[in-house]
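Here are a few exercises to work through with the model open beside you. Try each one before reading its solution.

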Amino acid sequence: MRVISTKYVGLLLVAELLLLLLFHAWCPGTSSGVNIQPKLHNSIQKLLMEKTIHAISGYPDIAYHIKEDVVCLLFPSVWAHNLHLAFLSSHPDPEGVKGRRAQEYSSFQRRSYTPADELIIAQANSPLQYPTQGVHVQPLKTIIIPGLGLKEETKSNHTVYLKATIGTFDVAATVDIVSVRGAGEKHMMLSSPALSALNHQLQFVTYTNTMFHPRTADTVQFATEGHESFFTINVGHALIPKLYNSGSQGEYNISALVTIATKTFLRYDKLKDLIDSIRQYYPTVTIVIADDNEHPEPVTGPHIEQYIMPFKKGWFAGRNLVVSQVSTKYVLWVDDDFIFTTSTKVEKMVDILEKTTLDLVGGAVREVTGYTATYRHTISVEEGGEEGDCLHIRQGYHHSIEGFPNCVVTDAVINFFMGRTDKVRQVGFNPRLSRRGHLEFFVDALGSLHIGSCSDIIVSHASKIKLPWGKAKSEKAYEHFRYSQTDAEKLMHVEEFYFKNRFKCMTSN
């Protein structure tokens with residue numbers, strides 16, 4: 001026994017040493033101070049050069065030293081799924097679909113691009129004063145540009161130039177001994193022998209947008225002799241609010257604020273249990289049901305709305321349908337086999353959405369075994385060039401939420417969540433995902449929804465533990481529809497990421 005134990009300990013020590021060596025080879029824990037300027041020695045240095053080539057250029061003769069522990073955060077070692085290969089290798093026309101994907105992406109870029117997306121770096125010690133952000137104009141309207149000025153030594157003449165792309169300049173008033181040339185045009189020059197007079201004139205400079213677009217921007221060039229600067233004028237309509245009148249301002253009126261939404265298929269017994277459990281705690285909350293059974297059964301009762309869909313229309317199509325029928329400020333999504341308990345605090349979900357900037361908050365689902373899951377994940381996208389970008393999915397969350405000790409900010413949550421109805425509609429659910437789909441919604445929501453998760457708002461999951469001979473015919477049919485998947489359906493999921501979202505790879509931990 002003693003000999004076996006010694007060998008075992010020895011093997012463990014060897015294994016740990018090998019792991020430490022491998023880890024150090026990729027991500028050493030401290031800065032080694034290696035000078036990479038004369039020659040790129042390894043892959044991590046090449047990656048850093050590729051990522052920062054535009055930021056560190058201009059100093060070819062000055063050496064620098066990599067902090068490898070920090071660089072490792074930029075390039076973590078993770079599992080990656082090659083969506084490019086997975087999709088194209090089985091497609092009958094790979095070059096054709098690549099061309100269509102590139103064409104669609106080019107069109108998307110044209111629709112979504114604004115000059116406000118451009119990186120502008122202010123030059124050092126410029127005498128020009130100008131607004132760096134916060135200038136807005138409605139389409140085809142006129143504003144006075146705030147903050148323009150020239151700060152330089154007195155000389156015989158002072159001159160500034162303004163240049164726009166989709167607008168014209170003018171002055172709302174003229175100042176004596178200031179020359180204004182190009183008023184009403186895209187290029188305007190102002191000059192004066194008196195610096196104070198020129199600065200006063202700059203306070204009256206106007207910008208008029210001349211090309212209608214509901215959301216774009218104009219990059220304005222503002223220059224003087226030897227110096228130039230750029231700033232952005234945002235062009236667009238103000239956001240129109242969507243407000244909900246939920247009645248009294250005292251305690252939350254859950255029936256006026258929340259609609260519970262679900263979709264059912266071959267599980268009317270589970271649906272009945274769900275409704276019964278909801279009614280124990282929220283007897284007057286509206287429940288909206290999407291039903292794509294082949295032989296629909298009526299689901300009746302106060303505050304219940306059942307919408308019949310074509311047979312097997314699908315999971316995400318059902319979500320779209322029920323969300324489209326919600327008229328309250330918030331929609332609470334639940335699966336049809338959930339059970340409300342005393343821990344299912346809908347009021348807390350409302351409270352955090354009312355008191356924070358979150359658009360959606362998830363809870364936790366407790367299995368009959370006692371295991372409770374929140375499915376918290378963070379999602380990010382890394383630019384990947386012409387072949388597409390890379391999707392990174394990690395278990396976990398970003399940070400906790402002050403004032404809500406059991407709640408965190410994250411990017412994806414479990415299938416029990418409450419969201420602002422208009423924001424959930426804005427993202428929508430891809431109806432091609434008929435049998436299964438979840439994370440896809442949160443990928444589409446990235447950049448649009450501010451998402452949280454609270455582990456102390458819990459709904460129970462009906463037991464799935466049954467012996468095969470104890471399962472009803474409907475249960476066996478449900479499992480067949482739910483869990484079987486054809487090769488075409490598997491390829492379609494890959495296509496959604498590869499073509500629709502333009503990802504070439506996906507990584508996770």
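**Exercise 1.** In what order do the six strands of the open sheet lie? Then find the strands at its edges.

*Solution.* Keep in mind that this is a predicted model.

Step 1: Reading across the open sheet, the order is S3-S12-S11-S6-S9-S8, and the pairing is mixed.

Step 2: The edge positions belong to S3 (136–137) and S8 (179–181); each has a single partner strand, so one side of each is left without a neighbour in the sheet.

**Exercise 2.** How many disulfides does the structure hold? Take the link of Cys390 and describe its partner, geometry and surroundings.

*Solution.* Step 1: There are two disulfides in the structure.

Step 1: Cys390 is joined to Cys505, with an S to S distance of 1.8 Å. The angle about their S-S bond is -130°, and the link is left-handed.

Step 2: Cys390 belongs to strand S21 (residues 389–395) and Cys505 to strand S26 (residues 503–508), so placed that the pair links distant parts of the chain, 115 residues apart.

Step 3: To judge burial, use the cut-off of under 20% relative accessible area. Cys390 has 8% and counts as buried; Cys505, with 15%, is buried too.

**Exercise 3.** Which cysteine forms a disulfide with Cys407? Work out the handedness and burial of that link.

*Solution.* Step 1: The partner is Cys454, and the two sulfur atoms are 2.0 Å apart.

Step 1: The torsion about this S-S bond is about 110°, so the disulfide is right-handed.

Step 2: Strand S23 (residues 404–410) holds Cys407 and strand S25 (residues 451–461) holds Cys454, so the bond ties together parts that are 47 residues apart in sequence.

Step 3: Cys407 is buried, at 0% relative accessibility, and Cys454 is buried with a relative accessible area of 0%.

Conventions: Residues numbered from 1 in each chain as written. Predicted model: local features only at pLDDT ≥ 70, side-chain atom pairs only at ≥ 80, totals over all residues. Heavy atoms only, no water. Pairing = 2+ DSSP bridges. Helix = DSSP H or I, 4+ residues; strand = E, 2+ residues; numbered from the N terminus. Disulfide = S-S within 2.5 Å. Buried < 20%, exposed > 50% of the residue type's maximum accessible area, 1.4 Å probe, protein only.
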